[in-house]
Amino acid sequence: MNDAIGCYVHIPFCVRKCAYCDFNSYSGYTDAHIARYVAALTQEIRQTTTATSVDTIFFGGGTPTAIPATDEAALLRAVLETLPIAPGAEITTEANPGTMDVAHLAVLRDAGFNRISFGVQSFDPGLLKTMDRIHSADEARNAVKAARAAGFDNVSLDLMFGLPRQTLKQWQYSLQEALALETEHLSLYSLIVEEGTGFYTLQQKGKLPLPEDDLAADMYEMAVEIASAAGYEQYEIASFARPGRECRQNRHYWRNDPYYGFGCGAVAYLDGARRMNLKSPAAYSSAVESGSDLTLSVETLTPEETMAETIMLGLRLTRDGVSRRTFEGRFGIDPRVKFAAEIETFTRRGLLELAGDSLRLTPQGVFLASEVMVAFV
Ligand code: SF4
């Protein structure tokens, strides 16, 4: 097993809050807020004393490209100079198409970012407006071209389905527009209305006309069909990649591997504990500046909980599933013994399969993944 782990760096700023967003992100910031936060984040990174090497680094948010490119480049430099980096590490930044141009992206590429993930969500102008996205469909197309011009050869796009009043035809259009951009990776995922979001408020008032479940299921099926026909391999429930272009950072999460986490609200999973930093950028920055504890919460998992989570997360990997040998090497018990009843139930229903070393969802099981995964926890 590869012992290198992942590293997540959080940039919490966004030009505007999207209607569906429950991430730890904030609009209405100033240059001074950014400068203070970048200084604090740099300090947190440089104070790291553990020395497990990393083979993936992921700048997420928020919108990492909402801060000056030179700041993001300096933060990456802090990571590269502090942690041991495995050769060929995957280094990703998320980006919002409305927040950068070729010159900005060239700074990031020169700094060492070798993968970029654009939150596009839709190519339909009406749906972009409904979601409160700050960019147009053309800006999304131009962003991918700008990334190519800046030297990125590993580009991902996110699209969402199950949006208010979205039709199957609109979804098909967005998928086709995304395919035309020939990115290496696609994340195609369903809207989930989270408490505290603009969409949640509308839903409470009965003003959020979401597609019926059957239509949303048809959209997912269409995504799988269209992406597969275009040569993308579905390797995770919502992720599709050209051969060899899977997101390695996310694979760490789905294998329940440890990871570093830096920044406000970031979670680090080290030594069997998940530790979350203070969420507010101001509170986080103050804590770093005064040398006080950054921790908002710590969750220490029992071996039983870790095993259940490892199965639940691993089943998201539709192609690889959970490696029985790796599981047994980590926990000292074969998952077929530990979860005999659950595996028997879902195998009999045709939703799970044991294929060689792998315990994974069947193609039919992928459509009922939540039901299967919940049974293990
Ligand atoms: S750009 Fe992303 S992180 Fe920022 S508000 Fe929109 S969905 Fe949330």
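Helices here are DSSP runs (H or I) of at least four residues, and strands (E) are runs of at least two, both numbered from the N terminus. Keep in mind that this is a predicted model.

**View 1. Glu-182 and its positive phi.** Here's a loop to zoom in on: Glu-182 sits between helix H6 (168-180) and strand E6 (185-190). Its phi is near 55°, which is positive even though the residue isn't a glycine. Most residues other than glycine have a negative phi.

**View 2. A cis peptide bond from Gly-61 to Gly-62.** What is the geometry of the peptide bond from Gly-61 to Gly-62? It's cis, with omega near 20°. Most peptide bonds are trans. Gly-62 belongs to the loop that runs between strand E2 (54-61) and helix H2 (69-82). Gly-62 turns up again in the next view, as one of the residues around the ligand.

**View 3. The shell around the ligand.** Which residues surround the ligand? You'll find Cys-14, Arg-16, Lys-17, Cys-18, Tyr-20, Cys-21, Phe-23 and Ser-25, along with Gly-62, Thr-63, Asn-96 and Arg-133. Sort that shell by class and you get five nonpolar, four polar and three charged residues.

**View 4. Where domain 1 meets domain 2.** The protein splits into domain 1 (5-254) and domain 2 (320-374). Four residues of domain 1 and five residues of domain 2 make the contact. Going by C-alpha atoms, the two domain centres are 29 Å apart. The size of an interface is often given as the accessible area lost when the parts come together. For domain 1 and domain 2, the buried area is about 380 Å², with 81% of it on carbon and sulfur atoms. On the domain 1 side, Tyr-220, Glu-221 and Ile-237 lose the most area, together 74% of what that side buries. By class, the domain 1 side has two nonpolar, one polar and one charged residues. How many salt bridges cross between domain 1 and domain 2? The answer is zero, and the count of residue pairs in polar contact between these domains is zero too.

View 5. Side chains of opposite charge can pair when their charged atoms come close. Across the whole structure, the search turns up 19 salt bridges.

Technical notes:
Residues are numbered from 1 along each chain as its sequence is written. This is a predicted model: local features need pLDDT of at least 70, side-chain atom pairs count only at pLDDT 80 or more; totals for chains, interfaces and linings use all residues. Side-chain values use heavy atoms; hydrogens and water are left out. A residue is near a molecule or strand if one of its heavy atoms lies within 4 Å of it. Ala, Val, Leu, Ile, Met, Phe, Trp, Tyr, Cys and Pro count as nonpolar, Asp, Glu, Lys and Arg as charged, and the others, Gly among them, as polar. Domain bounds come from an automatic or database domain assignment. Contact means heavy atoms within 4.5 Å. Buried area is the accessible area (1.4 Å probe) that two parts lose on being put together, summed over both. A salt bridge is a side-chain nitrogen of Lys or Arg within 4 Å of a carboxyl oxygen of Asp or Glu. A polar contact is a pair of N or O atoms within 3.5 Å; within protein, one must be able to donate a hydrogen and the other to accept it, and residues adjacent in sequence count only if both atoms are side-chain atoms.
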